[in-house]
Amino acid sequence: MIELEGVEAMLEDLRTLVEVESPSRDLVAVEASAKAVAALLERRLGGRATLVESPVGPHVRWSGGGEPRVLVLGHHDTVFPLGTLEHRPFRVANGRATGPGVFDMLGGLVQAVHGLATLEDLSGVELLVTADEEVGSHHSQALIEERAKACGAVLVFEGAAEGGHLKVARKGCGAFEVSVRGRASHAGLEPEAGVNALVEAAHQVLDIAALSRPEIGTTVTPTVARAGTTDNVVPAEATIVVDVRVREPQEKERVEAAFAALTPHVEGARLVVTGSVNRPPMPEAVTRDLLAMAQRLLPGVEGVAVGGGSDGNFTAALGVPTLDGLGAVGGGAHADHEYVLVDSMVERARLAAGMVEAIRSERG
């Protein structure tokens, strides 16, 4: 095994990726980010990284050659808009690395690459770093599933759970948008001539929230509402955005059917509903063997269930052994205080290398 370069080298690579901002759906930014990731893979691992073009920007693929046996999975898009770096630059202080995307999930990506760089033989190893995980993976799902089935085992380098633990179960998740169409009129002169989309939206918010079944792990949460144009006009349009999480697979069908069956309360109002539960739940059963491997390599680490989704949901739902949360130890995903604990980076890089070696050894 080759000696790990150390935490300073990892921090420099993390700085490089963070300073190429990569908000989802910004094609110019995401293309620049993909090129930076590809350059990192080639510099640290050798070989040639391939940019896989998509309508939302390039995904990055790298292979160590030979028969595929393990897929290292991540993403390079982030939730932060361009310009975030100006007021929240990459910094290392008090044992923490901070900056947009350090925990979700550029830190984990850097750790994985540095761990793999310690292996003298990388045959059978594939890396896939996608461009649209933060917005549903609609343009990468098929590729993820194809490579997961070809490799037969998946290691997901999303940030670790609280305390550095691994993620062995995730809820299925999705989003819906309910658009309300009404009719504008003067709010003072003839309010009765209008069809108030905001009033209809208020009814729909209550109907939608009632779809939750928290006792079985289903949450249906209206998160964003928009309506109206000015203070003296009956609003003709309104929009409700809804976050959905399900633990039980059958809840996907129930919730989707309930959204399709929404009906107006206000006479003359019309509804247009879009969306789905696009990430299936990640069942714990497919993680057990890989978790046991990780626990032999890193005694004391545990597996926990979490509410958030990842691309590991897709691979686990196929029955492909999948282990998630192998990435950075830290917290604050999607928040201004996002951070990575620097002292954990070397240990997690070694875990990445150990997991790949263990999988290849077990699978011959």
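Of the 364 residues of the chain, 52% are buried, that is, under 20% relative accessible area with a 1.4 Å probe and protein chains only. The structure is a predicted model, in which local features need pLDDT of at least 70 and side-chain atom pairs count only at pLDDT 80 or more, while totals for chains, interfaces and linings use all residues. Residues are numbered from 1 along each chain as its sequence is written, and side-chain values use heavy atoms, with hydrogens and water left out.

The chain contains 10 helices and 18 strands, taken as DSSP runs numbered from the N terminus (helices H or I, at least four residues; strands E, at least two). Its radius of gyration is 23 Å, close to the 21 Å given by the globule rule for 364 residues, so the chain is as compact as a globular protein of that length; the radius is taken over C-alpha atoms, and the rule is 2.2 Å times the number of residues to the power 0.38. The C-alpha trace spans about 80 × 45 × 35 Å along its principal axes. Among contacts (heavy atoms within 4.5 Å) with a separation of 6 or more, 79% are between residues 24 or more positions apart.

The largest pocket holds about 830 Å³ of space. A pocket is an open set of points on a 1 Å grid over the protein atoms alone, with protein on both sides within 12 Å along at least five of seven lines, whereas a cavity is a set where a 1.4 Å probe fits but cannot get out; lining residues have an atom within 4 Å of a point. Grid points are joined across faces, edges and corners, and a volume is the space filled by probe spheres set on the points. The pocket is lined by 33 residues, of which Glu134, Cys173, Arg245, Gly309 and His334 are the closest to its centre. Elements giving two or more residues to this lining include helix H4 (102-116) and strand S9 (172-181). By class, the pocket lining has 11 nonpolar, 11 polar and 11 charged residues.

One cavity of 30 Å³ or more is present, and the largest cavity has a volume of about 50 Å³. Its lining includes Leu17, Val18, Phe80 and Leu106.

Ala49 is located in the loop between helix H2 (27-45) and strand S1 (50-52). Ala49 is buried, at a relative accessible area of 10%. Beyond its neighbours within four places in sequence, Ala49 contacts Ala38, Leu41, Glu42, Val60, Arg61 and Trp62. Its C-alpha atom is separated by 5.4 Å from that of Ala38, 11 residues apart along the chain.

Methods:
Ala, Val, Leu, Ile, Met, Phe, Trp, Tyr, Cys and Pro count as nonpolar, Asp, Glu, Lys and Arg as charged, and the others, Gly among them, as polar. Buried means under 20% relative accessible area, exposed over 50%, partly exposed in between (1.4 Å probe, protein chains only).
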